[in-house]
Structure formats: structure tokens, C-alpha cells
Amino acid sequence: MTNLPPRSLITRLGIPPTLAWGYLGLLLFMIGDGVESGYLSPYLIDQGISESRVALLFTVYGVAAAIAAWLSGVLSDLWGPRRVMWAGLGIWGVFQLLFLVAALPATSYPLMMLGYGLRGLGYPLFAYGFLVWIAGVAPRARLSTAMGWFWFAFTGGLPTLGSLVASGLIPHIGAYATLWAALVLVAAGGLIALLLVRDGRGDKWPRAGGEGQQSDGEGPLATLLGSVTILWRNPRVGIGSLVRVINTASQFGFFVIMPIHFTKTVGFSLTQWLHLLSAMFATNIFANLLCGVIGDRLGWRHTIAWVGGAGCTLSTLLLFYVPEAAGANFPLALAVAAFYGATLAGYVPVSALMPSLEPKHKGQALAALNLGAGASTFVGPAVVAAFVGPLGVEGVVWIFAGMYAVSTVLALFLKLPDDAGRAADAAAPADADAAGADGRPGTTSTASAPA
């Protein structure tokens with residue numbers, strides 16, 4: 001009986017009670033994964049690795065992450081989410097050890113490519129495996145909220161609290177030892193999630209008829225291929241995946257160039273930059289929850305277009321030009337960093353919209369969403385690697401701003417497949433029609449679409 005009050009509170013918050021430990025484990029795992037995000041780039045440059053080679057290393061890492069993100073849904077269907085998460089934890093640990101024990105001490109770029117590059121397979125398998133688990137467990141009426149808490153934990157760790165941990169540890173134990181601390185945090189978070197979550201649906205996944213799963217009896221190969229062909233079978237899903245790529249492309253690109261720009265050019269210390277990064281994504285994690293509510297009220301695609309696309313177009317430029325003009329003015333830099341983090345959250349409703357664009361193949365649509373999320377981890381560094389040389393940091397920032405402007409237009413095409421039908425249905429309430437046309441749930445089953 002003593003366990004009933006906290007479980008009741010967890011339920012009211014929209015967290016599936018059987019997965020509560022998983023959210024905590026995910027948070028710790030992503031804190032460990034995010035420890036390096038604010039300083040690994042300048043640290044490697046200080047070890048004698050050129051800026052372009054560092055960008056290439058981050059790009060390879062991103063390619064591996066994109067592949068793992070895409071596969072996480074299919075492998076969860078085959079093995080169950082728990083086994084996929086075990087695989088992600090094991091991969092992360094093994095290749096982090098290779099990176100720390102062999103690559104960094106020898107300053108071996110090929111070993112860095114092997115260790116750090118392949119480590120990119122780890123976190124998407126763990127995190128997005130848990131995302132699929134949530135999709136199969138959370139009640140339909142609270143699924144969007146449950147997904148909102150997923151992104152709260154995900155971004156709370158990478159890079160928000162991760163950067164804060166790094167800023168606290170580096171002055172005391174050094175940059176290299178801090179990478180070992182990251183391994184400890186990842187291991188702790190992974191074991192908490194995998195050993196304390198007792199929900200049996202993570203071990204044997206429903207192959208037919210389960211909520212959010214394959215309802216048409218498709219085999220694993222068909223599902224694997226379908227998660228790619230859906231990008232052109234349903235052009236709206238393809239557009240949604242592209243919008244998701246654009247969403248965080250600048251974030252991963254900025255991990256490469258902004259630590260260097262803010263410390264070497266603007267004049268902030270590394271600790272100040274890490275505090276800015278923490279504030280940026282502290283704002284983001286709370287804005288994620290807020291934008292989920294805004295999306296339900298103002299429309300999913302309108303929130304994506306105007307809060308996300310238009311907002312990020314402006315905030316990306318301000319993040320560069322305000323410190324460029326004001327110098328190492330911490331309060332001003334803090335304000336524009338927080339604004340950038342908040343506008344990134346404007347894309348949160350795309351997680352609800354994507355599966356609703358293909359209601360008969362929600363699993364494939366979710367795989368396409370994960371593919372877009374994973375692709376952003378290498379598209380951002382790839383843009384930096386290709387253009388920072390000829391165009392400089394300013395040119396790269398304008399490219400990212402242009403990408404966000406394009407996503408504003410693309411998002412307006414993401415109408416739900418039954419919009420026209422509801423609009424033509426004279427018997428439907430007017431407010432339900434308006435809701436559907438805006439791309440948010442009306443009175444139909446789209447209200448329970450995965451977030």
C-alpha cells in the first residue's frame with residue numbers, strides 16, 4: 001500500500017508506471033552520453049587533430065547513429081525493446097573503452113574513427129528502443145504525454161545536464177578523466193533501466209495486432225524495406241522525415257564549431273561555454289513539454305512551422321550575431337542561447353504527426369521518424385565539414401538558418417490523411433474540422449497518435 005501514492009502521482013504525470021525506472025535510466029544514460037558534447041571538439045583539436053578531421057569524425061559518428069536509429073524500431077519488433085537496449089548499452093561501453101584505452105592515448109585517428117565512430121551505434125539503439133517500448137505500453141489517451149517525458153529525459157541528459165557535469169568535473173579531474181566518468185554514468189543508467197523495469201512487453205514484442213505495431217502481418221524484411229520505401233510511398237512521411245532532419249541538424253553541427261567559436265573568437269572560457277550550453281538545453285527540455293501543449297491547441301503543423309521553423313531561423317542567426325557584436329557578454333549570450341533552445345522544441349509535435357500520416361503503418365512511420373532524427377547527427381557535422389573552410393562559421397550559420405526557413409514551408413504540407421474527409425463531412429463539428437486541417441487531433445482517433 002505504501003507504493004500506491006507515488007505510482008498514482010506517476011500516472012497523473014502521464015508516465016507509464018511500469019516504465020518509470022526506464023525514464024530515470026534513460027536520463028542518466030543520456031547525461032553520460034552528453035558529457036562530451038560541449039568540449040570533445042576543442043579537446044581533440046588540442047590533441048593535434050585538425051578541425052576538418054574532427055568534423056569528419058563527428059560525421060562518421062552521426063552516420064552510425066542514423067543507421068542505428070533507423071534499425072531500432074525494426075530490431076525491437078524482432079527481438080523486443082529490452083534486447084535492443086542491451087545491445088545499445090554494450091556497444092556504447094565496448095567502443096568507449098576502445099576510444100579511451102587505445103585511441104586517445106596513442107592519438108591515433110584511425111582508432112578514433114573505429115572507436116568513436118562505431119560508438120555512435122550505441123545511444124540510438126538504447127534510447128529509441130525505449131521509445132518503441134513506450135509506444136507499445138502507454139495508454140492511447142496519454143501516449144503524447146508519455147512521449148513528451150521521453151524527450152524531457154533525452155534532452156535533459158544530452159546535452160543539458162551532460163554539459164553541466166562536464167563543466168563541474170573538468171576543472172577538478174581533467175578532460176580525459178571526465179570521459180571515463182561519462183562511461184560510469186552510461187553504465188549506471190543503462191543497468192537501472194534494464195534491470196529495474198519489469199514490464200514483460202519489452203521482452204516479447206507483439207508481432208500482430210498490438211497497438212502501434214504491425215497489424216497486417218508483415219514480416220521483418222517487409223517492415224525493414226517498408227521503413228525506407230514509405231518515404232516516397234507517402235510523400236508526407238518523407239517530408240516529415242526531412243523536417244525532423246532539419247530540426248536538430250544545426251544542434252549537432254554547432255557541437256563541432258560553436259565551442260571553438262565561442263572560446264577562441266568571442267572570448268568566453270570553456271566553463272562559460274558549457275554553462276551556456278546547459279542553459280540552452282535546460283530551456284529546451286521545459287519548452288518540449290510546453291510545445292506539446294501548444295501543438296494540441298494551435299495545431300501540430302502550425303506549431304512546427306512557426307514556433308520551430310520560423311523561430312529557429314531567427315534564433316540561429318541571433319546565436320551567432322549577438323555574441324559577435326557584443327563580445328563576451330554572458331547575460332546577452334545566455335538570452336540568445338535560451339531562445340535557440342526554446343525554438344528547437346517547436347518541432348516536438350512532429351513526433352505526434354508522423355505516425356498519424358500513415359495510420360496503417362505506424363511502425364514504419366516511426367522508423368522514418370527515427371531515421372530523420374539519426375540523420376541529423378551527421379547532416380549537421382557534414383555541413384560544417386563541407387562549408388566551414390570556404391564560408392567560415394558565419395556562412396555555416398546562414399546555411400542552417402536557410403534550412404530552417406525551408407522547413408517552415410515544408411511543415412505546412414503535413415496535413416493529416418483524413419483532413420479532406422473531415423472537412424467534407426458536414427455532420428462533423430466545426431471545431432473538429434478546424435483541428436484536423438491544422439494538423440492536430442480533433443474528435444477522431446488521431447488524438448491518440450504517438451508523439
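**Entry 1: Thr107**

I began with Thr107, which counts as partly exposed because its relative accessibility is 34% (partly exposed lies between buried, under 20% relative accessible area, and exposed, over 50%, with a 1.4 Å probe and protein chains only). Thr107 is not a glycine, yet I found a positive phi of about 45° there. I placed Thr107 in the loop between α5 (81–106) and α6; helices here are DSSP runs of H or I with at least four residues, numbered from the N terminus.

**Entry 2: a note on the model**

I am reading a predicted model, in which local features need pLDDT of at least 70 and side-chain atom pairs count only at pLDDT 80 or more, while totals for chains, interfaces and linings use all residues. Residues are numbered from 1 along each chain as its sequence is written, and side-chain values use heavy atoms, with hydrogens and water left out.

**Entry 3: salt bridges**

How many salt bridges are there? I count two, taking a salt bridge as a side-chain nitrogen of Lys or Arg within 4 Å of a carboxyl oxygen of Asp or Glu.

One joins the side chains of Asp33 and Arg119, at 3.5 Å from N to O. Asp33 sits in helix α2 (residues 20–34) and Arg119 in helix α6 (residues 109–119), so this pair ties together parts 86 residues apart in sequence.

Glu36 also meets Arg119 in a salt bridge, at 2.9 Å from N to O. Here the loop between α2 and α3 (40–46), which holds Glu36, is linked to helix α6, with the two residues 83 apart. Glu36 counts as buried because its relative accessibility is 4%, and Arg119 does so at 0%. Through shared partners, Asp33, Glu36 and Arg119 form one salt-bridge network.

**Entry 4: Glu358**

Next I looked up Glu358, in the loop between α15 (350–357) and α16 (362–411).

Beyond its neighbours within four places in sequence, Glu358 is in contact (heavy atoms within 4.5 Å) with Ile230, Asn234, Val237 and Ala365.

**Entry 5: helix α7**

My last stop was helix α7 (residues 122–137), with 16 residues. From first C-alpha to last, α7 reaches 23 Å, close to the 22 Å expected (1.5 Å times one less than the number of residues). Is α7 enclosed or open? Of its 16 residues, 15 are buried, so α7 is largely enclosed by the rest of the structure.
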